[in-house]
Amino acid sequence: MQATGISDPQIVLVPFGVPIVVYLTFAAIAAGTALLAVWLLFRGDSAERSAGRRGLLVATFAIAIGGCSLILDLEAPALFTYILRYFNPASMIAWGARAITVFGLLTAFTWWALGRDTDASGAPRVRGILPVALVLIALLSVFIGLYPAWVLAQSTARPLWASPLLAPLLLLSAIHAGVAVHLLGRGARRWQGSGLEIGLVALQAVVLVLYLLQIDAAYGAAKARLMTGSLAPWLWGGVVLIGWLVPLALSRRGGTDKGDSGVGLAAWRAIAILIGVLALRAVLVFGGQGAEALIAAVR
Amino acid sequence: MTEVPWEKIHQPGAGAPKKRAGMVVDLRRCIGCHACSVSCKTEHEVALGSFRTRVRYLEEPEGNQIRFLPLLCMQCEDAPCLDACPTGAIARHADGHVDIDRDRCCGNKACVAACPYQAIFIDEGGLADKCDFCTHRTEVGLDPACAAACPTDAIRYGDLGDADDPVAQYVQKHAATAFKPEAGTRPSVVYVGLEDWMTDAARTGIQVSSDDDEIVYETR
């Protein structure tokens, strides 16, 4: 736990710090990427199925990186096995730890299994037990996209986290992260111009506005910190401008895999989306902990 | 260190199980001497910079008075830390007080984030720690160290579940109230003389910390 002094002569205790933001970001990337990979593997053509398989590998690495970040966040990292050895069913963290473990193993196994059964074009075929595995991955993806909101809500001392709107916001953002990864992996042709990205941004915007509106007036100072205070650049600049508006603007200028310039644009769009995903989680984690922690934590 | 001869101290009948172990802190009596926090640190060898029991110095919004607010784990009946802990390291004893099993704690700080009272901290070993009502003392019939050390009898430990208990009667007679009642945790530590302004003031009350060798303020 960090004790950090900032511009005011204040000490800020930050139980959930930067490693948690990193974890939440990579968990979102893993969940969204895997969810869309499952879609591609079930519904896509041969090129999309190959992209879907690659997406499962990305999801495996993303959840592994996120898990490492969680372990590093422990004050006693060597004790990380306790979270799996002992189980408190009332704790969402306990469920989440098991979910990300199973998710990581399952995505790795499915990626491997898909590589062993390919058609003439080299694309994976989804048959045998693989459809079941993919459905499980999809369910776990949704859970991993949602459960951080429930973890935050269990901290009843943090009023900004006790909102049912955080769950849809985080899930939508995770799917958005998945779109970004598939843009990088050139597996998102299906969604090019489909309105998925616009829809995701519009829904996130609606939920975010509702979330900000429903913050109790009693916590006006915390709300002001988000809207106009130290977290405002992260919210308006990171989430809204870089994470939502820049990718949409770039998407109007070109495709995902239409030649080199298209690939370059797609990469910039993806990076911008992922910055927005990170910024959203930073805003929620640090904003929820009440003080001007973000500045202090990143110094 | 010499072992305390508990068997010689123990009084027959003392330390009998309580229905609901609790504490009342009479702020009208508190003189801010820190005897409670010092005795607590001594009793549990709490590391420099960390506190199981703290005393906030609160400045009255209008007037020059300083008031004192001892804070510790509230041993809540609806303790958020219990549900937040993924390993089940936090458990409730038969008398209702909440304790941390250090052999199960993984130090993930979920309890720290969940506690509305900032009563839980991470110790030097990376494990969660907090007030346990001095279980080792109360089970042999002694008062918790803070209650025993308080020179003005402002801190009283007893059975809030027993109407005949003097502490329960004190709570009833003086209409003791909870700190941060909006948290809805039904704390077993209650206060006499707690005024509304104190809750807000406690967020910015002075607390000495060794982290940077300065007097610092906490806000949350």
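Predicted model: local features only at pLDDT ≥ 70, side-chain atom pairs only at ≥ 80, totals over all residues.
Helices and strands are named here as DSSP runs, a helix having at least four residues and a strand at least two, and they are numbered from the N terminus.

Gln118(B) is found in the loop between α4 and β6 (121–122) of chain B. Its phi is positive, at about 55 degrees, although Gln118(B) is not a glycine. A residue counts as buried under 20% relative accessible area, and Gln118(B), at 15% relative accessibility, falls in that class. A second residue of chain B with this backbone feature is Lys109(B), with a positive phi of about 70 degrees although it is not a glycine. Lys109(B) has its place in the loop between β5 (98–100) and α4 (110–114) of chain B. With a relative accessible area of 3%, Lys109(B) is buried.

The loop between β5 and α4 of chain B also holds Asp103(B). Is Asp103(B) buried or exposed? At 58% relative accessibility, Asp103(B) counts as exposed, since the class begins over 50%. The C-alpha atom of Asp103(B) is separated by 7.7 Å from that of Ala89(B), and the two residues are 14 residues apart along the chain.

The strands of chain B come next. Strand β1 (residues 21–26) of chain B is mostly covered, with six of its six residues buried. In a regular strand, side chains alternate between the two faces of the sheet. In β1(B), Ala21(B), Met23(B) and Val25(B) point one way, while Gly22(B), Val24(B) and Asp26(B) point the other way, and all are buried.

With which strands does β1(B) pair, and in what sense? With strand β8 (residues 155–159) of chain B, β1(B) pairs in the antiparallel sense over five bridges. With strand β9 (residues 189–192) of chain B, β1(B) runs parallel, and four bridges join the two. Individual residues can be followed across these pairings. Ala21(B) has Asp159(B) as its bridge partner in β8(B). Val24(B) stands opposite Arg156(B) in β8(B), and Val24(B) also stands opposite Val190(B) in β9(B).

Strand β8(B) is likewise mostly covered, five of its five residues being buried. The cover extends to both faces of β8(B): Ile155(B), Tyr157(B) and Asp159(B) are buried on one side, and Arg156(B) and Gly158(B) are buried on the other.

Helix α7 (residues 166–173) of chain B has the buried residues Val167(B), Ala168(B), Tyr170(B) and Val171(B). These residues cover an arc of only 160 degrees around the axis, which puts them on the same side of α7(B). The face turned away from that buried side carries the exposed residues Pro166(B), Gln172(B) and Lys173(B).

Chain A contains eleven helices and two strands. From the N terminus on, its elements run β-β-α-α-α-α-α-α-α-α-α-α-α. Of the 299 residues of chain A, 54% count as buried.

Helix α7 of chain A comprises residues 196–214. At 1.5 Å a residue, the 19 residues of α7(A) should span 27 Å, and the end C-alpha atoms are 27 Å apart, which agrees. Which residues of α7(A) are buried? They are Glu197(A), Leu200(A), Val201(A), Gln204(A), Val207(A), Leu208(A), Tyr211(A) and Leu212(A). Seen down the axis of α7(A), these buried residues fall within an arc of 135 degrees, so they line one face of the helix.

Which of the elements gives the most? It is α2(A), with seven residues. By class, the lining has 20 nonpolar, four polar and one charged residues.

Technical notes:
Residues numbered from 1 in each chain as written. Chains lettered and ligands numbered in written order. Heavy atoms only, no water. Nonpolar A, V, L, I, M, F, W, Y, C, P; charged D, E, K, R; others polar. Expected span 1.5 Å × (residues − 1). Buried < 20%, exposed > 50% of the residue type's maximum accessible area, 1.4 Å probe, protein only. Arc of directions from axis to C-beta. Pairing = 2+ DSSP bridges.
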